Each structure stands twice: as structure tokens, then as C-alpha cells.
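Subject: Structure for your review

Hello,

Here is the structure we discussed, with its sequence. My notes on what was found in it follow below.

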Amino acid sequence: MSLSSSRTAASAWASLALAMATAAALAAPVSAQAAPPPTVGQPAPPLVVPELDGHPFDLGKLRGKVVLVNFWATWCSPCRSEMPTLNAFYRRYHSRGLVLLGLSIDEAPDAGRVREVMRQFSYPGALASAARVNGFGEPIAVPITFVIDSRGVIRAQLQAEGPSGVSRQALERAVLPLLAPAKGAGAVRGGSNR
């Protein structure tokens with residue numbers, strides 16, 4: 001085989017390999033491609049994941065509720081520090097329509113450790129790796145909490161405010177305006193509304 005025919009054959013193989021790689025990339029399912037990060041003011045992406053206790057969590061079915069999706073990990077100190085604050089906030093406002101999911105980014109083999117940590121708290125947890133659908137993708141950092149209003153729109157993205165994680169005050173500022181009024185709050189019957 002001559003040098004020129006070797007170059008032609010090598011060029012043909014390179015073109016074929018490039019064409020196959022392009023076709024494979026175009027044929028890849030959308031879920032395998034990187035999704036853009038969720039944006040405040042935009043509809044929340046889909047999230048369908050089994051909770052650690054086996055109950056299904058489907059963000060799309062929670063319209064009418066204010067939802068917090070908190071990404072965390074067992075090895076993340078600020079994540080672990082903010083969990084009692086999140087738990088107290090959840091316990092206080094759950095009756096007003098607040099839903100909270102602690103979505104661990106730990107790997108599936110660490111599920112036992114995730115369950116052990118979550119047993120200390122009232123709100124449900126899940127493993128991101130077990131999600132059937134996770135439009136949130138990989139978080140840029142943990143902890144991060146997305147605040148989603150009753151219409152399914154992301155209203156805030158809260159990140160750690162130092163080593164203790166998110167504060168009660170930050171949660172109150174972001175969430176309380178979105179919740180239904182407490183029963184008994186509002187105008188007094190027969191009286192002034194001042």
C-alpha cells in the first residue's frame with residue numbers, strides 16, 4: 001500500500017469515527033445531557049424520587065404547597081449544621097402547607113448512613129441517585145435549598161451563610177410570604193381591620 005493510499009484510508013477512518021461520535025451524541029437521551037441549573041423566577045424542574053421510607057415524592061404533584069428541596073450530604077458540615085434549623089422550621093410551618101425534602105447527594109452505598117442521619121428529623125429524605133427524574137441535576141455546591149411556591153415556581157435559592165448553614169431568618173424571609181395565613185389570622189369579625 002502506498003503512502004498516499006494509507007493517508008486516504010486513515011482519513012476515511014477518522015471521518016467515519018467523527019461521524020459515529022456525532023451521531024451518538026445527537027442520539028443521546030436528553031436526560032443524559034447536562035441540564036441548565038434551575039433559575040429563580042422560572043418553573044421548578046421535575047423531580048420524582050422515592051423517599052427513604054419508600055413513599056413517592058413527585059414535585060409536580062405538590063401544586064398548592066410551598067416546597068423546599070434541600071440538597072445535602074452526610075460528609076458536609078454546614079449541611080449537617082443547618083438540618084436542625086430546617087427541621088424546626090418544617091415542624092412550625094408544615095400545617096400551613098410547607099413541604100420539605102432533604103435530598104442527599106451521597107452515593108447509593110451510603111444509604112444506611114443517610115437513613116441514620118435522617119432518623120433525627122421530622123422531614124423526609126431521599127437519595128438523589130435514586131431519582132427517576134431529577135431536572136435539578138447536580139448542585140453546584142451543598143448545602144443549597146430551593147424555595148418553590150404553590151404554583152411551582154422557584155422563588156429563592158438559599159445557600160449556607162457560613163459554617164452553620166442557612167439561618168431561620170433567611171428561611172422566614174424567603175418562605176413566610178408564600179405560605180397560607182395561619183388559621184385565625186386576618187381581620188377580626190365585626191371589627192376594624194387596622
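**A strand enclosed on both sides**

Strand S4 (residues 98-104) is largely enclosed by the rest of the structure, because 7 of its 7 residues are buried. Please keep in mind that this is a predicted model. In a regular strand the side chains alternate between the two faces of the sheet. In S4 both faces are covered: one side carries Leu 98, Leu 100, Gly 102 and Ser 104, the other Val 99, Leu 101 and Leu 103, and all are buried.

**Neighbours of S4**

Which strands pair with S4? One is S3 (residues 66-72), which runs parallel to S4 and is joined to it by 7 bridges. Within that pairing, Trp 72 has Ser 104 of S4 as its bridge partner. Another is S5 (residues 125-127), also parallel to S4, with 3 bridges. There, Gly 102 is bridged to Gly 125 of S5. The chain passes from S4 through helix H3 (residues 111-118) to S5 in a right-handed β-α-β crossover. S3, helix H2 (residues 77-93) and S4 likewise form a β-α-β unit, and this unit is right-handed.

**The chain as a whole**

The chain has 4 helices and 8 strands, in the order α-β-β-β-α-β-α-β-β-β-β-α from the N terminus. Of its 194 residues, 37% are buried. Taking contacts between residues at least 6 apart in sequence, 70% join residues at least 24 apart. The accessible surface is about 11,500 Å², and carbon and sulfur atoms account for 57% of that surface.

The largest nonpolar core holds 49 residues, and Leu 47, Leu 103 and Val 175 have the most contacts inside it. Leu 103 belongs to S4. Leaving aside residues up to four places away in sequence, Leu 103 touches Leu 47, Val 49, Val 69, Asn 70, Phe 71, Trp 72, Ala 126, Leu 127 and Ala 128.

Val 175 is one of the buried residues of helix H4 (residues 168-175), along with Ala 170, Leu 171, Glu 172 and Ala 174. The buried residues of H4 pack against S3, H2, S4, strand S7 (144-148) and strand S8 (154-159).

**Salt bridges**

How many salt bridges does a search of the whole structure find? The search gives 4. Side chains of opposite charge can pair when their charged atoms come close.

- Arg 113 and Glu 116 form a salt bridge at 2.9 Å, N to O. Both lie in helix H3, 3 residues apart, about one turn of the helix. Arg 113 counts as partly exposed because its relative accessibility is 36%, and Glu 116 is partly exposed at 43%.
- Glu 172 and Arg 168 also form a salt bridge at 2.9 Å, N to O. Both lie in helix H4, 4 residues apart, about one turn of the helix. Glu 172 is among the buried residues of H4, whereas Arg 168 is partly exposed, with a relative accessible area of 44%.
- Asp 149 and Arg 151 form a salt bridge whose closest N and O atoms are 3.6 Å apart. Is Asp 149 buried or exposed? Asp 149 is buried, since its relative accessible area is 7%, under the 20% cut-off. Arg 151 is exposed, with a relative accessible area of 57%. Asp 149, Arg 151 and Arg 155 are linked in a network of salt bridges.

Regards

Terms used: Residues are numbered from 1 along each chain as its sequence is written. This is a predicted model: local features need pLDDT of at least 70, side-chain atom pairs count only at pLDDT 80 or more; totals for chains, interfaces and linings use all residues. Side-chain values use heavy atoms; hydrogens and water are left out. Helices (H or I, at least four residues) and strands (E, at least two) are DSSP runs, numbered from the N terminus. Buried means under 20% relative accessible area, exposed over 50%, partly exposed in between (1.4 Å probe, protein chains only). Contact means heavy atoms within 4.5 Å. Accessible areas come from the Shrake-Rupley method with a 1.4 Å probe; for residues, only the protein chains shown count as cover. Two strands pair if DSSP finds at least two bridges between them. A crossover is right-handed if, with the strands pointing away from the viewer, the path from the first strand over the helix to the second runs clockwise. A nonpolar core is a set of buried Ala, Val, Leu, Ile, Met, Phe, Trp, Tyr and Cys residues joined through side-chain atoms within 4.5 Å. A salt bridge is a side-chain nitrogen of Lys or Arg within 4 Å of a carboxyl oxygen of Asp or Glu.
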